Amino acid sequence: MSLTKNNPMSNAEISDTRALALRTIEGASDALIAAAKTVYATPETGFNEHKTAAYVRDQLQALGLEVETGIARTGMKAVLQGSKPGPTVAVIAELDALRVPSHPGADGVTGAAHACGHHAQIGALFGVATALSVPEIRDSLSGNVAFIITPAEEFIEMNDRLTLRTSGEIEFLSGKQEMIRLGTFDDVDMAMMVHTSAGNGDAPFNIGGTSNAHVSHQVRYIGKSAHAGGAPDKGINALQAAMFANAAINAQRETFKESDVVRVHGIISNGGTAVNAVPGEVLYEGRVRAKSVEAIEPIAEKVIRCYRAGALAMGASVEVQVIAGYHALKQDSILQKLFVNNTELILGRGSITVVGDKQTHGGSTDMGDLSAIMPAIHPYANSASGVGHGHDYLIEDYDRAVVAPAKVMTATVLELLGNGAQLARETVDRHKPIWSADQYVSMQRERFTTESYGPY
Amino acid sequence: MVDRADLKSSFSSAVNSRADELERIARDILVHPESGYREVRTSKLVADWFKTNGLEVQTGIAKTGVIATLDTGKPGPHVAVMGELDSLIVPGHAHADPETSAAHACGHHAQIGSMLTVASGLLEASVKKELVGKVSFMAVPAEEYIELEYRETLLANGEIEFFGGKQEFIKLGFFDDVDIAMLTHTGGETPGTLGIGGSNNGMIGKTIQYIGKAAHAGGSPHLGVNALNAAHLALAAIHAQRETFRDADTVRVHPIITKGGAAVNSVPADVRMETYVRASNVPAILNASDKIDRALRAGALATGASVRIQTNPGYLPAKYDEALTEIYRNNASTLVGDDNVITLNHSTGCTDVGDVSQIIATIQPTANATSGNGHGIDYLVDDYDIAVLKAGKAMGLTVIDLLTGDGATGNKIAGAFKASMTISEYLERMRSFRSDVTYEE
């Protein structure tokens, strides 16, 4: 069959099955939205999504699925087997919240909040699982569907995660990276998920383009504490060192090429302990993003030079721990086309905006890492208001955020694995992965480094 | 033997009879300002005056310096009375040279006046015959530590080794047999007073060059290395050191950018700075200097530029002799009254009188006679009676105390003075401050 024809209805069997699936999801829509809101009410940050994970496990088990739990601490995998053997399609949802204490849905104690809409992904995944669990629908599949619920997509709380890394509980600092390492995706042939978005145009969906790669830096300045009033001459001010580095980084910006889509930003996670003591130790968390890991390299080199200059300026020393971050998202063209076709089929023409392959989203996702080893798509459901990661990011339209993604992903799975999984096989055959999973893991391992500079 | 009081009275009468001439000379120098190591006209004026007044004169010392010695032929202490020849460069000053912008915005013209005042009184025959020892009148070039590029040229040509005139005088041996030195600077404290005591910061000087890489600032800034950003960051880093400077050390670091780029549409690739590092004591100067060097290197490292730091010896901190101060104070009181002799505080400015003060007993009183900000466009000597005549008289009367009665007072002060270092140690130390290092990070 031809993918260029906008005609996913070529197979009558798929068409009937799809109609049943869409009815099933429509019938479950209130429950799906309620599930998303339940997750919203229990925001937990990455690798700590214990309550959320337990809830998701129970819901999937209620559908009769066998759930493997505790993957990368809180991750899960439930495989739904079709009637005949064939490729495995992963439908992914992310468990974790951000940390935005001023968000209206924030946890009063931890400040965790679903300011990135991951809770809607859980609702959508339930929708797909609910529809595909209907026996006559499941029987139409030649192949399997793996529901993979991933921890820790937000690349935050680096110190806590490094502690987990030190204790051997994790090696990589994001959920999908860690699950790739653990082999969770070894029997998966392709993956899809839908992320919510705000202000991404009027159409319900948006697909295409890429995302930035990134790298993280844990920067520790070691100065010398002293009484800030009584004996500042005896101190070495680690905060001044970090502030100098920040100013120096800003001075590099004129050397960044727009085409590299460079983003350099950081926070001071420990800026001193008491105002009357010269800060003797300061922690800075830095991040460098650009369109690819290769484009990041010269930029990161400049940024690390700035960290060193801060230490040199003040006579401090600095330890720079480099943490392997995400890779640029590469959307699979066949999966993307199928997703577009099914969106238009279900929601009508003009219901999805397709952006150019090279258009870079300034942000980053570990779906990028997955897309480097298998066909993947990461469309957006335009359903939120406010600013992503901001205190005002709220899902306004749960039909768009939960129900519509469930329908389109389900229809896409049916098309991939129906008709003898002809399209799924074609997708796998045509895809050229950048790395194998093993190559990816060793490459990521090499990106972790720790260097000390000074004392100057 | 003539009574010392009568002698002082003769000294003062002699000065008073030449008051107009002395003030006129100071005003003449005011309107013919010349900056350091360029004081050709001023030097000739001083030399001619001493020749006219019967003293043998040595000229061309450290380019423009002049020394005229009154040698009594009798054994006794050797006192140096100094005046500085040079002006500043202050465009916009009321008496600035229209071409060079040289201007006496630090009152050195009055110093020449006060030095000649001392000579006028001591050369009076009735005074001169009662003195023992020697008095050297030293008109010294280049007290202001400016025009570093010009002075570096002189250094390269072997015309000078140090940027301060008194430093050159020390090096050339003119202080080898001097026991006591004095110079009166103008000051802006309560008008009509004479100040004494205090101390001064010392300093070192630095010239800095950042080498980056030029590129089109609009078209391809990613290919450039911005030397101005390096300098800008270094300035921020220098400021970040300030909290580590101890109050007691009165550290001053105040850089300027002498070249900040060639064209606004080109990434600056050659940026120059100058700075002083001042403090009240040499260890504090060296400590701050290390921090400044580190901050300068950090600017280079941050941007990927290289930096050349040339450090030149500046001036040593000044410490004034207490016994000599008391003798001066008594004489000043007879001129302006006890209440109008004030004790000076530590000054954070620097002078090469400081170098002299480390090796021989020295005072640098002030004659408070000015308005406006020192080194500013509005700095003017308002009262020439204080700045030239009373300033000169107070020094002259002090010389009389030192060089009469077989020079016992002078000898006592010279004998009690504890030098921080010998002249050869001084030279060695000053030379050790010099360095020229390029850092490629």
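User: How many helices and strands does chain B have in this model?

Analyst: The model is predicted. Chain B has 14 helices and 21 strands.

User: And what are the counts for chain A?

Analyst: Chain A has 13 helices and 18 strands.

User: What does the rule give for chain A?

Analyst: Chain A has 456 residues, so a compact globule would have a radius of gyration near 23 Å, and the 23 Å of chain A agrees with that. Along the principal axes, the C-alpha trace of chain A spans about 80 × 40 × 40 Å.

User: Among contacts between residues at least 6 apart in sequence, what part joins residues at least 24 apart?

Analyst: In chain B, 79% of such contacts join residues at least 24 apart. For chain A, the corresponding figure is 80%.

User: Into which domains is chain B divided?

Analyst: A domain may be made of separate stretches of sequence, as here. Domain 1 of chain B takes in 4–198 and 317–426, and domain 2 takes in 203–315. The centres of these two domains of chain B, taken over C-alpha atoms, are separated by 35 Å. Their contact takes 13 residues from domain 1 of chain B and 14 residues from domain 2 of chain B. On the domain 1 side, the residues divide into 6 nonpolar, 5 polar and 2 charged.

User: How should I read a sheet, and what is the strand order of the open sheet of 6 strands in chain B?

Analyst: Strands of a sheet pair through backbone hydrogen bonds, either parallel or antiparallel. The open sheet of 6 strands in chain B has the order β1-β2-β6-β3-β7-β17, with mixed pairing. Its edge strands are β1 (57–61) and β17 (361–363) of chain B, each of which pairs on one side only. Neighbouring strands of this sheet are turned by 20° against each other on average, direction ignored.

User: How many bridges join β3 to β6 of chain B, and how do these strands run?

Analyst: Strand β3 (residues 78–84) and strand β6 (residues 134–140) of chain B run parallel and are joined by 7 bridges. Within this pair, B:Val81 stands opposite B:Phe137 in β6(B).

User: Which strands does helix α3 of chain B touch as it packs on the sheet?

Analyst: Helix α3 (residues 40–52) of chain B touches β1, β2 (65–71) and β6 of chain B, and its direction makes about 165° with that of β1(B). Another helix, α13 (residues 408–416) of chain B, also packs on the sheet. Helix α13(B) touches β3, β7 (180–183) and β17 of chain B, and its direction makes about 100° with that of β7(B).

User: Which residues of α13(B) are buried, and what covers them?

Analyst: B:Thr409, B:Gly410, B:Asn411, B:Ile413 and B:Ala414 are buried in α13(B). Their cover includes the strands β3, β7 and β17 of chain B, together with the helices α10 (322–336) and α12 (384–403) of chain B.

User: How many residues of chain A are in contact with chain B?

Analyst: 22 residues of chain A are in contact with 20 residues of chain B. On the chain A side, the elements that give two or more residues are α7 (238–252) and α8 (293–314) of chain A. The largest share, 7 residues, comes from α8(A). By class, the chain A side divides into 12 nonpolar, 5 polar and 5 charged residues.

Definitions and conventions: Residues are numbered from 1 along each chain as its sequence is written. Chains are lettered from A and ligands numbered from 1 in the order in which they are written. This is a predicted model: local features need pLDDT of at least 70, side-chain atom pairs count only at pLDDT 80 or more; totals for chains, interfaces and linings use all residues. Two strands pair if DSSP finds at least two bridges between them. Helices (H or I, at least four residues) and strands (E, at least two) are DSSP runs, numbered from the N terminus. Axes are lines fitted to C-alpha atoms, for helices over the stretch in contact, and angles run from 0 to 180 degrees between N-to-C directions. Two residues are in contact if their C-beta atoms, placed from the backbone, lie within 7 Å. The radius of gyration is taken over C-alpha atoms; the globule rule is 2.2 Å times the number of residues to the power 0.38. Ala, Val, Leu, Ile, Met, Phe, Trp, Tyr, Cys and Pro count as nonpolar, Asp, Glu, Lys and Arg as charged, and the others, Gly among them, as polar. Domain bounds come from an automatic or database domain assignment. A residue is buried if 20 or more other C-beta atoms lie within 10 Å of its own, exposed if 12 or fewer, and partly exposed in between; C-beta atoms are placed from the backbone.
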